[in-house]
Amino acid sequence: MTNERLQKEAVLRIGEVVSVNGRSIAIQVDKDKNLSELYYDGDLLKNIAVGSYVDIRKGYLSLIGKVDGENAKIDSDAIDTQGLARSGKRFLSVSLVGFLDRRGEFSGGTKELPLVGNEAYLLTKSKVYEVHNLVAKDGIALNIASSDYEGYEIALPVDGLMNSHIAIFGNTGSGKSNTLAALYQNFIQEMRARNEAAFSKNCKIVIFDFNGEYSGENCLTDSKHVYSLSTRIEDGDKIPLQDDGLLDIEMLSIIADATEKTQKPFLRRSLSLRTRIMSGDDPLTHTRNSLKSQIRQILQMSDKIRADLLLDYLRQILPEFDAAGNPVELTEDLDWNNKYSEFTWNGNYLKSDPDQILNTQAYQQVDNFNFQNDIIADFITFSYIQLIYDVLSNRAQNEHIAPAINKLRSKQRDIRKIFDPSNKAQLFDSNVIVINLHDVNLEMKKTIPLLLSRKIYQDHKKDFQNKSLSIVIDEAHNILSKESSREAESWKDYRLETFEEIIKEGRKFGVFVTIASQRPNDISHTITSQAHNYFIHRLVNQKDLQSISSAVSYIDKLTEESIPTLPTGTCIFSGIAGQMPLKLTITELPLINQPKSTTTRFAQIVPPQES
């Protein structure tokens, strides 16, 4: 080495290895290395401290270690007459995290262990970049972060990160929303700059935005379609979903919260009935004839309780007014004879003289029946017709089936406000869409993401070669919670199973899920553990920390213990995209691009009085 090189090496040297115990290394620090910063080749380097990295030289190999802690040992001969220590030795506790080979390329893991006496050095700026380099030579980089300790810019790889399942966790105000927005904004920019036509054609991104944070004009990208849905008003945006999309057995089961063994088979029979009638030459006449046939059977029944029940179903199907606009009560002209257990009309026993049924008000009111041209309303009509068939044939009981129909009826208005079956447009008229659920009621907030995720996932699987679908769920605890007292157990299981299937099987079809949440403990453990890459912001709840500890096995103890005290915007990045956990500071987006998640400041909403 030249004298100049030796002098530079002397600046970087911090000490030497004095103990090796597996991956745990002890380094004695040189006495002149207690300053906080050093100058080297015009760069200002931070001196060695807990959380920084060291370069342990063993021949041509550079073993990279992370400082876990430090302590001092006082020399017994360095104590003055008053019992005060004049000097002591400083020791670092270091864990090996990887190594730099002869080519200067970093690899995680332990290849060799150092020897006692090996020298330890600070990492130069170039070596810090190598240790933090996550992008392959021909890879695409996302420049959204810097190393927390050194402050150097760190690039994240598109391949390895964006083609994986991502989990972003952090308490309110920790910078979680900025991380999600920065990640996808830079991803979209890089892909469009690379090949806008191919990106628009082959890559689809859907963001479920529960609080309206990502719906701003310039948030994520200005080339996106925002569906601002509302169950409160009639003129909100509507999702185009054709008949074959909404009238799918799985879709209907989701909307109706249908049980697997009883209600779902009934809905399937109702769908078959609808398909059979609507595919005919004259669906309206076919339906009217079916209703007339059912009325003939009902009015000849000897069981009044069952007959009254079926007449109640007919009231849900037939119009309340006749052609002249007068109100109609279906049983107004009917009487019941208890002695013979038979309906009568105008003194005529209908079971004995069934031809008289044609004169009853109920039978004649069928001629005023028309379809409502509302996909759910008409399906409910077919459901009641099917239920009458099932009761007449003793195939179903009211108390088992009626709740599913009632659920459809209760959601009918909300569905009409959210979906537009008559719109033949495509959901992805832009390849980036935001589903804004801010003005949607709680029940539909759980239903819409499940229904749409399943629909677009199934559609994507039909044609997935060289294509990708990214599903982003903000505030994921709203729909991925494993505990909910507001819904039936079977419905909760179906909801979780659907998303668990997507996150477990979707990767092979080019489907990648990103979840963001402030309560990771509330989310199904299967989902959190299936993520490939994690951005962990500040979390203070003990259960959330335990959930992270069990799901993310490759976070070391020192890093894990720092999570409750992370500053806003700083996170622990860990996963398959990197070879070791990194503490990163995510670059704050310009105000115009930020999501609407900033904390309200009283200094702004209550300004000082003008003097």
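Two strands pair if DSSP finds at least two bridges between them. Strands (E, at least two residues) and helices (H or I, at least four) are DSSP runs, numbered from the N terminus. This is a predicted model, where local features need pLDDT of at least 70, side-chain atom pairs count only at pLDDT 80 or more, and totals for chains, interfaces and linings use all residues. Residues are numbered from 1 along each chain as its sequence is written, and side-chain values use heavy atoms, without hydrogens and water.

**Exercise 1.** Find the bridge partner of Ala 167 in β22.

*Solution.* 
- Start with β12, residues 166-169.
- β12 and β22 (residues 511-517) run parallel, joined by 4 bridges.
- Ala 167 has Ile 515 as its bridge partner in β22.

**Exercise 2.** Find the bridge partner of Ile 168 in β23.

*Solution.* 
- 4 bridges also link β12 with β23 (residues 533-536), and these strands run parallel.
- In β23, Phe 535 is the partner of Ile 168.

**Exercise 3.** Which way do the residues of β12 point, and are they buried or exposed?

*Solution.* 
- In a regular strand, side chains alternate between the two faces of the sheet.
- Ile 166 and Ile 168 point one way, Ala 167 and Phe 169 the other.

**Exercise 4.** Where is confidence lowest, and where highest?

*Solution.* 
- pLDDT is the predictor's confidence in each residue, from 0 to 100.
- The protein's mean is 86, and 93% of its residues reach 70 or more.
- Helix α4 (residues 243-246) is lowest, at a mean of 66.
- Strand β21 (residues 468-473) is highest, at 96.

Key
Buried means under 20% relative accessible area, exposed over 50%, partly exposed in between (1.4 Å probe, protein chains only).
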